[in-house]
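Opening the notebook on a new model. I want to look up confidence, cores and helix packing.

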Amino acid sequence: MDADQNRQALVANLQRVASGDRAALKEVYDATSSKLFGVCLRILGSRSEAEDVLQEVYITVWSKADRFDAERASPITWLAALARNRAIDRQRQLGRRSFKPIDEAHEVPDEAESSLASLLRGEDVRQLQGCMSELAATHQAALRSAFFEGLTYQDVAERHNVPTGTMKSWIRRSLLKLKACLAR
């Protein structure tokens, strides 16, 4: 099955989950749990916390699958955002922790093609890279830190030596610019 077929199957399964289909939730879990676990583990650094957050993510998927819009985001992007946000929320509950470099992340076995490899093959990535290049270098770095490293606004603000409110503005404006660019 190619990447487009996987995406279509995931979209269809999320629509079935929105209708209350438990078997579809299992299929979504089977197709995405290792990737989402990796996101949670990278942010939290604790296997047990990551497992707890992953369970919360799929409870959220069950209750909010009807909010997924395939026109606005790919299913794996939507799911990864849920996992990232839940993990950051959990991290805040646990208290501030320092992040380790991504190179120190635990290996999570997954026989499927990685989501990054899948994305790199697509035209969407080229378009996104082009749009990212239109942003100021500091704004690009802030977006990458927030969305690829899982840092909070406060962490990114500290990294760039700016107030948290300024960082929130940078990221919000950058996302709006990306959205406009991608809509062209």
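Which residues does L79 touch, leaving out those up to four places away in sequence? I looked it up in this predicted model: L79 touches L10, V28, T32, L36 and V61.

**Cores.** I then checked the largest nonpolar core, and it has 28 residues. V61 and L79 are the ones with the most contacts inside this core. Next I asked where its residues come from. α1 (3-18), α2 (22-44), α3 (47-64) and α4 (75-94) each put in at least two. The largest share is from α2, with 10 residues. I also found a second, separate core of 15 residues, with A146, L151, V156 and A157 among them.

On the α2 side, I listed V28, T32, K35, L36, V39, C40, I43 and L44 in the contact. The α4 side brings I76, L79, A80, A83, R84, A87, I88, R90, Q91 and L94. I sorted the residues of this contact by type and got 13 nonpolar, 2 polar and 3 charged. L79 turns up again here on the α4 side, and V28, T32 and L36, which L79 touches, are on the α2 side.

**Confidence.** Last, I looked at pLDDT. The protein averages 84, and 83% of the residues score at least 70.

How values were computed
Residues are numbered from 1 along each chain as its sequence is written. This is a predicted model: local features need pLDDT of at least 70, side-chain atom pairs count only at pLDDT 80 or more; totals for chains, interfaces and linings use all residues. Side-chain values use heavy atoms; hydrogens and water are left out. A nonpolar core is a set of buried Ala, Val, Leu, Ile, Met, Phe, Trp, Tyr and Cys residues joined through side-chain atoms within 4.5 Å. Buried means under 20% relative accessible area, exposed over 50%, partly exposed in between (1.4 Å probe, protein chains only). Helices (H or I, at least four residues) and strands (E, at least two) are DSSP runs, numbered from the N terminus. Contact means heavy atoms within 4.5 Å. Ala, Val, Leu, Ile, Met, Phe, Trp, Tyr, Cys and Pro count as nonpolar, Asp, Glu, Lys and Arg as charged, and the others, Gly among them, as polar. pLDDT is the predictor's confidence in each residue, from 0 to 100.
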